[in-house]
Amino acid sequence: PDTLEDYNIPRLDKSFDPERTLPFKEKLLHLLDSLMASSFQLLRFLEVCPEKVQEKVGDIDLIVRNMLFLLNACRRKQCLYDLLEDINKKSEQRAAVKEELKNILVSTKSILDELNSGDKESFA
C-alpha cells in the first residue's frame, strides 16, 4: 500500500499527488499549522467541552498520519534524487577516465610512431 486511501485514512489535501513534484515544504507547514491549531483546541476543549475531546484527538491523529505520509513521500523523492546524483557522478568519473585513457593511447601511439620512424632511419 502506497497511499493513505490504501490504509483507509482520509486525505486532508485532495490535491496532493506523491508522483508529481510538489511544494512539500509548504504542504508540511500547512499541516503543522493545522496540528498546532488542533492541539490548542484540544486544550481548550479539555476545560470547556470535555465531550468533544475524543473528536479533536481523532482530528490530531488524522493530521499526524497525513504528515507522516507526506514525509515518506518526500523521503522517496530524496532517495531518487540522491540515486540520480550518484549515477551522474559515476558517469562523469567514467567520462574522465575514458578521456584520460584516450590521452594515454594518443601519447603511446606517438611514442611508438617515433620509435618506428627511428628504426626505419637506422636501417636506411
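I started with leucine 29, which is partly exposed at 44% relative accessibility (buried is under 20% relative accessible area, exposed over 50%, partly exposed in between, with a 1.4 Å probe and protein chains only). Leucine 29 sits in helix 1, residues 24–48 (helices are DSSP runs of H or I, at least four residues, numbered from the N terminus).

Before going on, I noted that this is a predicted model: local features need pLDDT of at least 70, side-chain atom pairs count only at pLDDT 80 or more, and totals for chains, interfaces and linings use all residues. Residues are numbered from 1 along each chain as its sequence is written, and side-chain values use heavy atoms, with hydrogens and water left out.

Next I looked up the patch. Leu29, Leu32, Met36, Phe40, Leu43 and Leu46 make a nonpolar surface patch with about 590 Å² of accessible area together (patch residues have over 30% relative accessible area and no salt bridge, nonpolar side chains being joined within 5 Å; areas are Shrake-Rupley with a 1.4 Å probe).

Then I went for the salt bridges, and found two (a side-chain nitrogen of Lys or Arg within 4 Å of a carboxyl oxygen of Asp or Glu).

- Lysine 56 pairs with aspartate 59, closest N and O atoms 3.2 Å apart. Both lie in helix 2 (residues 53–123), three residues apart, about one turn. I have lysine 56 as buried at 9%, and aspartate 59 as partly exposed at 29%.
- Aspartate 61 pairs with arginine 65 at 2.9 Å between the closest N and O atoms. Both are in helix 2, four residues apart. Aspartate 61 is partly exposed at 36%, and arginine 65 is partly exposed at 39%.

Note on methods. Helices (H or I, at least four residues) and strands (E, at least two) are DSSP runs, numbered from the N terminus. Patches are made of residues with over 30% relative accessible area and no salt bridge: like charges are joined within 9 Å, nonpolar side chains (Val, Leu, Ile, Met, Phe, Trp, Tyr) within 5 Å.
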